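Here's a quick walk through one protein model, written for someone who likes to have the geometry at hand. Have a look at the sequence and the structure, then read on.

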Amino acid sequence: MENLSRTPHLKLQEMCDCYLETDFSKQLTAMGSSKNTDLMEDGYKYLALALLQATTEQAQKLSFAKEDGSITVTVTKGNQSIDLPAPSPELLEVATGVVRDITHLEGENGKSPLVLGLKNGQLDLLVEIKKDGLKEYLTITFQQSEEMAASEKPSGAAINAPPADEPIHWKCGNCNFTFTASSLPEQCPGCGEKCDFLNITCYTPECGGPGNIDPRLA
Ligand SMILES: [Zn+2]
């Protein structure tokens, strides 16, 4: 079941944090060729990896273009451009949907700022969605990518997350092991799985508030 207490914004930040120390380009390549088992989850993952890859390249722009079912993903840095492994049309649709959800962009054309608070700094982005005949574009512009690594600004995740003294209940997506931790776990204590955790903490009065498990999610 989809966890409604985790906003798309928070979830994308968590995905970025989670894959921060992995080999983005290798993961992206693997995603392009493998069958997507969980489209929603993979949409977030693809978006996170593409953003991280673009950040690593110190890119000014990350562009997704779709024309006649063929998709190109380009990272632009100065007058250089690098192609990233393209997602499937379904995956791009999910990723675009995530961006629309976060920025509240509706309709065929629109622009909106997007700030992601990550473990290693803040990412200031400008998102643009454009439709031109049969061509569709999603362009993400990096506002200050060169300061990314050095900046130590408070992260957006901390603002949205429950107070630090409230433990969060997590369920491992691989082995269903449930446990508590104050932040997104690195690894499942049960099976060692990484990056696949569902926050099953209760955020409504019906199940007793934080500190309890939401039985609808567990
Ligand atoms: Zn596990």
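What does the accessible surface of the protein come to, and how much of it belongs to carbon and sulfur atoms? The surface comes to about 11,400 Å², with 49% of that belonging to carbon and sulfur atoms. Keep in mind that this is a predicted model.

**The overall picture**

The protein has 218 residues, and buried ones make up 43% of them. Its secondary structure consists of five helices and nine strands. Going along the sequence, you get the pattern α-α-α-β-β-β-α-β-β-β-α-β-β-β. As for contacts in the protein with a separation of 6 or more, 49% are between residues 24 or more positions apart.

Six of them make an open sheet with the order 3-2-1-6-5-4, and the pairing is antiparallel. At the edges sit strand 3 (80-84) and strand 4 (110-118), each of which pairs on one side only. From one strand to the next, the twist averages 20 degrees. As a reminder, strands of a sheet pair through backbone hydrogen bonds, in parallel or antiparallel fashion.

Strand 2 (residues 70-77) and strand 3 run antiparallel and are joined by five bridges. Val 73 has Leu 84 in strand 3 as its bridge partner, and Thr 76 stands opposite Ser 81 in strand 3. The hairpin these two strands make has two residues between the strands, and Gly 78 takes a positive phi near 60 degrees there.

What lies across the sheet strands? Helix 3 (residues 39-56) does: it lies across strand 1 (61-67), strand 2, strand 3, strand 4, strand 5 (121-132) and strand 6 (135-142). Relative to strand 1, helix 3 runs at about 135 degrees.

**Helix 4 and its end**

Helix 4 covers residues 89-103, which is 15 residues. From first C-alpha to last it reaches 21 Å, close to the 21 Å expected at 1.5 Å a residue. Its buried residues are Leu 91, Leu 92, Val 94, Ala 95, Thr 96, Val 98, Val 99, Ile 102 and Thr 103. Just after helix 4 comes His 104, with a positive phi of about 60 degrees.

Is Thr 103 buried or exposed? Its relative accessible area is 10%, so Thr 103 counts as buried. Leaving aside residues up to four places away in sequence, Thr 103 touches Ser 112, Pro 113, Leu 114 and Val 127. Thr 103 and Val 127 are 24 residues apart in sequence, while their C-alpha atoms are 8.1 Å apart in space.

**Cysteines**

How many disulfides does the structure hold? There's one, formed by Cys 202 and Cys 207 with their sulfur atoms 2.1 Å apart. Why is this disulfide right-handed? The torsion about the S-S bond of Cys 202 and Cys 207 is about 95 degrees, so the disulfide is right-handed. Cys 16, on the other hand, is in no disulfide: the nearest cysteine sulfur belongs to Cys 18 and is 10.0 Å away.

| Residue | Relative accessible area | State |
|---|---|---|
| Cys 202 | 0% | buried |
| Cys 207 | 16% | buried |
| Cys 16 | 0% | buried |
| Cys 175 | 34% | partly exposed |

Cys 175 is partly exposed because its 34% falls between the limits of 20% and 50%.

**After strand 9**

One last stop is Gly 211, in the segment after strand 9 (197-199). Gly 211 has a relative accessible area of 35%, so it's partly exposed. Which residues does Gly 211 touch, not counting those up to four places away in sequence? They are Glu 166, His 169 and Thr 201. The C-alpha atoms of Gly 211 and Thr 180 are separated by 9.4 Å, with the two residues 31 apart along the chain.

Note on methods. Residues numbered from 1 in each chain as written. Predicted model: local features only at pLDDT ≥ 70, side-chain atom pairs only at ≥ 80, totals over all residues. Heavy atoms only, no water. Disulfide = S-S within 2.5 Å. Buried < 20%, exposed > 50% of the residue type's maximum accessible area, 1.4 Å probe, protein only. Helix = DSSP H or I, 4+ residues; strand = E, 2+ residues; numbered from the N terminus. Contact = heavy atoms within 4.5 Å. Areas by Shrake-Rupley, 256 points an atom, 1.4 Å probe, with all protein chains shown as cover. Pairing = 2+ DSSP bridges. Axes fitted to C-alpha atoms, helices over the stretch in contact; angles between N-to-C directions. Expected span 1.5 Å × (residues − 1).
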